[in-house]
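The following report describes selected features of one protein model. The sequence and structure are shown first, and the description follows.

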Amino acid sequence: MAESPHTESTLSPSDANWWRQAAVYQIYPRSFADSNGDGLGDLPGVTSRVPYLKALGIDAVWLSPFYPSALADGGYDVDDYRNVDPRLGTLDDFDEMAAALHAAGIRLIVDIVPNHSSNRHVWFQEALAAPKGSPARERYIFRDGRGPNGELPPTDWVGAFGGPGWTQVSDGQWYLHFFTPEQPDFNWDNPEVREDFLTTLRFWADRGVDGFRVDVANLLVKDLPADLPSQAELDAMDRTSGTHPLMDRDEVHEIYAQWRKVFNEYIPPRFAVAEAWVETPERRARYASPEGLGQAFSFDLLEADFDATQFHRIINDNLEQVRLTGSTSTWVFSNHDVTRHATRYGLPPLNGRNVKQGVEWVKAGGPAEDIDLERGLRRAKAATLLMLALPGAAYLYQGEELGLHEVADIPAEQRQDPCFFRGADYNGLGRDGCRVPLPWQADGTSFGFGANGAHLPQPEWFAPYAVSVEEKDPASTLSFYRRALALRHELQGPETLEWDDVDENVLHFVRPGNWHVVTNFGTAPVALPDGEVLLASAEVENGMLSGEATAWIRR
Ligand code: BGC
């Protein structure tokens, strides 16, 4: 097998297309590296690990929210969009981190959370202090309640994490929150709200940020007439026509057209990627339009089983969509909201259900008994190697390069995720299990995460997954990711793909430059085509690729 040297990022600073085929690494900052020993990861922690990121060979970092926040939803409850949480650092620390990443050839994408602020945001505090019908209340969505004294919420809507979608304030009015009560939804019909987000985008773009990940990009615009539909009526409404009262309304794209003008004020234009869990690839494509955000996450592969037929269809559908919009596909298996893919793939097929919470896992009685962890990781490496060879951008989530599994056994009193506590109907373990601080060393109070423990408990089994251990082992998952990312830089060319062979167990495609990619979804070994095996996710012996594995071959 060819040993590939570490390669520098080959992207030039003025390249306006750097994002098209970038490998983007998501950092969940509170769980990445803790520089001051308070148990929470921070921005200087990220800066201290830039050499690690550079050696990994990624092109960009996407930083989940680092803004001041009470952490009612892991930082997706923002108190102040133009500042850094003092527990995570200062604006100067941010600048230092950005400079260090850029010096290493790594771009920086920050998370923008426009659907809702936190309830501690100065505007929401003003709204609470102001009377009914005041301009301060108009920045959010306040309504009178039902019932003789307005004691019932305006509708029976249920929030995305469970519980009522409305909360009452002291003068009797109610405000809407799609997520937790600590996350009041903005009123995007209000020009002040629109203007303020343009200011925020410019604020970070002026600080050298290269792009934005836009949180729940499909929810901002709402149509809320005086007579509101019930939850049952909402559930029955079509979500594909752009006319649903709460989600994926066509008018949302007017906002992104305005944002695009701001992005294009910069050289190179600032990049954006939409997080939009919408119903169809066609609806998703609207977010990826060059007149809008430019790129959108596709969660299709993430929701699929480890299955050749599903992968084949999804890859084709997604490539077809981007051919129509001129964007590039995005591929992702893990992020801070879903059960880690090494673990998912060790479960019985989920058929796209419960990706978010791993309910099946709980039902199955926990990891020790019913999960095949080894098989899960084997399949995850195969799927990742396939993904890294696809045209388009690949999104990776911190810790997957170590082969980390979901942490299941976090005691209830140490859990933080509102999904766990609010009894969302898909409630299982919530999302804390993929947010446990990374192991950098095999020992110490927090496996080298920081000097004084970690804000979520790390399990004993983290030790062999530590960076310090894997870095020394050429057969580790980390060494495998490093080789794959370095080779990807060398091999990545025009954004095309041709299928060579497709059957129920094997997918074989070819990228320009005779880069052949073979994934064996079955369990029996399959014969590889002739050529030099550049990298494989498992054993290749006598030209045979073992089961549940991928190989890259140059012919
Ligand atoms: C983020 C979640 C967050 C939610 C509300 C998302 O989709 O990825 O982590 O809880 O938006 O902001």
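In helix 14, residues L377, K381, T384, L385 and M387 meet T477, F480, Y481, A484 and R488 of helix 17, where contact means heavy atoms within 4.5 Å. Helices are DSSP runs of H or I with at least four residues, strands are runs of E with at least two, and both are numbered from the N terminus. The residues of this contact divide into 6 nonpolar, 2 polar and 2 charged. In this division Ala, Val, Leu, Ile, Met, Phe, Trp, Tyr, Cys and Pro count as nonpolar, Asp, Glu, Lys and Arg as charged, and the others, Gly among them, as polar.

The model is predicted: local features need pLDDT of at least 70 and side-chain atom pairs count only at pLDDT 80 or more, whereas totals for chains, interfaces and linings use all residues. Residues are numbered from 1 along each chain as its sequence is written, and side-chain values use heavy atoms, with hydrogens and water left out.

**Helix packing**

Two packed helices are described by the angle between their axes and the distance between the axes. Axes are lines fitted to C-alpha atoms, for helices over the stretch in contact, and angles run from 0 to 180 degrees between N-to-C directions. Helix 14 (residues 373–387) and helix 17 (residues 477–491) pack at an angle of about 10°, with their axes 11 Å apart. The two helices, helix 14 and helix 17, are therefore roughly parallel to each other; angles under 35 degrees count as roughly parallel, over 145 as roughly antiparallel, 65 to 115 as roughly perpendicular and the rest as oblique.

A further pair is formed by helix 5 (residues 191–206) and helix 7 (residues 252–263), whose axes come within 10 Å and cross at roughly 30°. Helix 5 and helix 7 are therefore also roughly parallel to each other. On the helix 5 side the contact is made by R194, F197, L198, L201 and R202, and on the helix 7 side by I255, Q258, W259, V262 and F263. This contact comprises 7 nonpolar, 1 polar and 2 charged residues.

**Nonpolar cores**

In soluble globular proteins, nonpolar side chains tend to be buried together. A nonpolar core is here a set of buried Ala, Val, Leu, Ile, Met, Phe, Trp, Tyr and Cys residues joined through side-chain atoms within 4.5 Å. Buried means under 20% relative accessible area, exposed over 50%, and partly exposed in between (1.4 Å probe, protein chains only). The largest nonpolar core has 136 residues, and F94, W259 and W552 have the most contacts inside it. A second, separate core of 16 residues includes F161, F178, L219 and M247.

Not counting residues up to four places away in sequence, F94 touches L43, L63, F66, V84, L108, V110, W204, R207 and V209. W552 is placed in strand 19 (residues 549–554) and is buried, with a relative accessible area of 0%.

**Loops and backbone geometry**

Most residues other than glycine have a negative phi, and most peptide bonds are trans. A cis peptide bond joins I267 and P268, with omega about -10°; P268 is found in the loop between helix 7 and strand 8 (271–274). F447 has a positive phi, near 50°, and is found in the loop between helix 15 (418–421) and helix 16 (467–470). F447 counts as buried at 10% relative accessibility. N542 likewise has a positive phi, near 50°, but counts as exposed at 76% relative accessibility. The loop that holds N542 runs between strand 17 (540–541) and strand 18 (544–545).

A466 lies in the loop between helix 15 and helix 16 and counts as buried, at 0% relative accessibility. Leaving aside neighbours within four places in sequence, A466 is in contact with P439, W440, Q441 and A442.

N83 is found in the loop between strand 2 (60–63) and helix 3 (91–103) and is partly exposed, with a relative accessible area of 28%. Apart from its neighbours within four places in sequence, N83 is in contact with F66, Y67, P68, L91 and W204.

**C-alpha separations**

| Pair | Separation in sequence | C-alpha to C-alpha distance |
|---|---|---|
| K54 and A454 | 400 residues | 25 Å |
| N83 and E251 | 168 residues | 29 Å |
| A466 and D443 | 23 residues | 8.7 Å |
| W552 and T384 | 168 residues | 12 Å |
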